[in-house]
Amino acid sequence: MHCVALGSRFRIPLWNPVRKKALTVAKLFYSSSSYHCAPSSVKLLSLLSDVRPLTTMENFWTSGSVDKNKRMVESLQRYGIIKSKKVAEVMEKIDRGLFVQSDTPAYVDSPMQIGYNATISAPHMHATCLELLKEHLQPGMRALDVGSGTGYLTACFAIMVGPQGCAVGVEHIPELASFSIENIKKSSASSLFEGSLWVHVTDGRLGWAELAPYDAIHVGAAAPEIPNALIEQLKPGGRMVIPVGTILQDLKVIDKKLDGSLSIRTETSVRYVPLTSKDAQLRG
């Protein structure tokens, strides 16, 4: 999922649904807050050069043949994004089509606008984060999904931790929180709602201290720096996955050791919407 700008050289995702001129891609990189980077990339030799011909994966996504959730998952497995049986099973069980607007191509590997200057991440990003967190989403564990949006990953977390665990989604846009609850109730996670799965309206930068500490924390928007409240709510032995940065962003993997110290590494470069206040988000 590398997408890095180095002077006048750019990398763009091979899975981009539409072939574009390099200049268009460059403009998109700097102007689109909803842009996520895909796993494979090529270097552009100049801003006006053509992107090389579509790869097999691009043809697959752009041909309209991906109209079933299962086929989406199988494709992510085929291209090495989904590596584990556990992640494949949960992504098959939670149908992405239930968590996007009705007129949205749910199974295309691209982030989608969900209103209020927010997006739902591309499927490969969901798969990547689930793979990074899967050992911390065992039955009986606790998970926090910050900026839960349409509720997709919150539902996945709930299935993975099961009825003895706890999955909490926090979202500061009330309308999105309501939308996510409706989506969850239509999904395979419906039986867990308000038992071991909860959605709260609050500032995600503050987390949800009431049910802390959490074995797994996922943040679905880019913070300029790692929020202290989330570090405090991470359980010793737990893991947080969070995009950090402004124009240039990195997906950080933060492990809290048993003594409370932190191990932080960069997984990849990404592009997310910013983790900010409700008012700032609505202003765009």
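Reader: How many aromatic pairs does the structure hold?

Author: The structure, which is a predicted model, holds one aromatic pair, where rings of Phe, Tyr and Trp (its six-membered ring) pair if their centres lie within 6.5 Å. The ring centres of Phe99 and Tyr152 are 5.6 Å apart and their planes stand at 80°, so the pair is edge-to-face; planes under 30 degrees apart count as stacked, over 60 as edge-to-face and the rest as tilted.

Reader: And where in the chain do Phe99 and Tyr152 sit?

Author: The pair links distant parts of the chain, 53 residues apart, with Phe99 in the loop between helix 4 (85-93) and strand 4 and Tyr152 in helix 6. Helices (H or I, at least four residues) and strands (E, at least two) are DSSP runs, numbered from the N terminus.

Reader: Are those two buried or exposed?

Author: Both Phe99 and Tyr152 are buried, where buried means under 20% relative accessible area, exposed over 50% and partly exposed in between, with a 1.4 Å probe and protein chains only.

Reader: What does Asp95 touch, leaving aside its neighbours within four places in sequence?

Author: Asp95 is in contact with Asn69, Tyr107 and Tyr152, contact being heavy atoms within 4.5 Å. Asp95 is found in the loop between helix 4 and strand 4, and with a relative accessible area of 25% Asp95 is partly exposed. From Asp95 to Lys68 the C-alpha to C-alpha distance is 8.8 Å, across 27 residues of sequence.

Reader: Which residues lie nearest the centre of the largest cavity?

Author: Of the 30 residues that line the largest cavity, Gly147, Ser148, Gly149, Glu171 and Gly220 lie nearest its centre. Strand 5 (118-120), strand 6 (142-146), helix 6 (152-161) and strand 7 (166-171) each supply at least two residues of the lining, and the largest share, three residues, comes from strand 5.

Reader: How do the lining residues divide into nonpolar, polar and charged?

Author: The lining has eleven nonpolar, 17 polar and two charged residues; Ala, Val, Leu, Ile, Met, Phe, Trp, Tyr, Cys and Pro count as nonpolar, Asp, Glu, Lys and Arg as charged, and the others, Gly among them, as polar.

Reader: What about the backbone, say at Tyr116 and Asn117?

Author: Phi of Tyr116 is near 60°, and phi of Asn117 is also near 60°, whereas most residues other than glycine have a negative phi. Tyr116 is partly exposed at 36%, and Asn117 is partly exposed at 39%.

Reader: Which residues does a cis peptide bond join?

Author: A cis peptide bond joins Ala212 and Pro213, with omega about 5°, and Pro213 is in the loop between strand 8 (197-201) and strand 9 (214-219).

Reader: What should I know about numbering and confidence?

Author: Residues are numbered from 1 along each chain as its sequence is written, and side-chain values use heavy atoms, with hydrogens and water left out. Local features need pLDDT of at least 70 and side-chain atom pairs count only at pLDDT 80 or more, while totals for chains, interfaces and linings use all residues.

Definitions and conventions: 1 Å grid on protein atoms, 1.4 Å probe; cavity = no way out; pocket = protein on both sides within 12 Å on 5 of 7 lines; lining within 4 Å.
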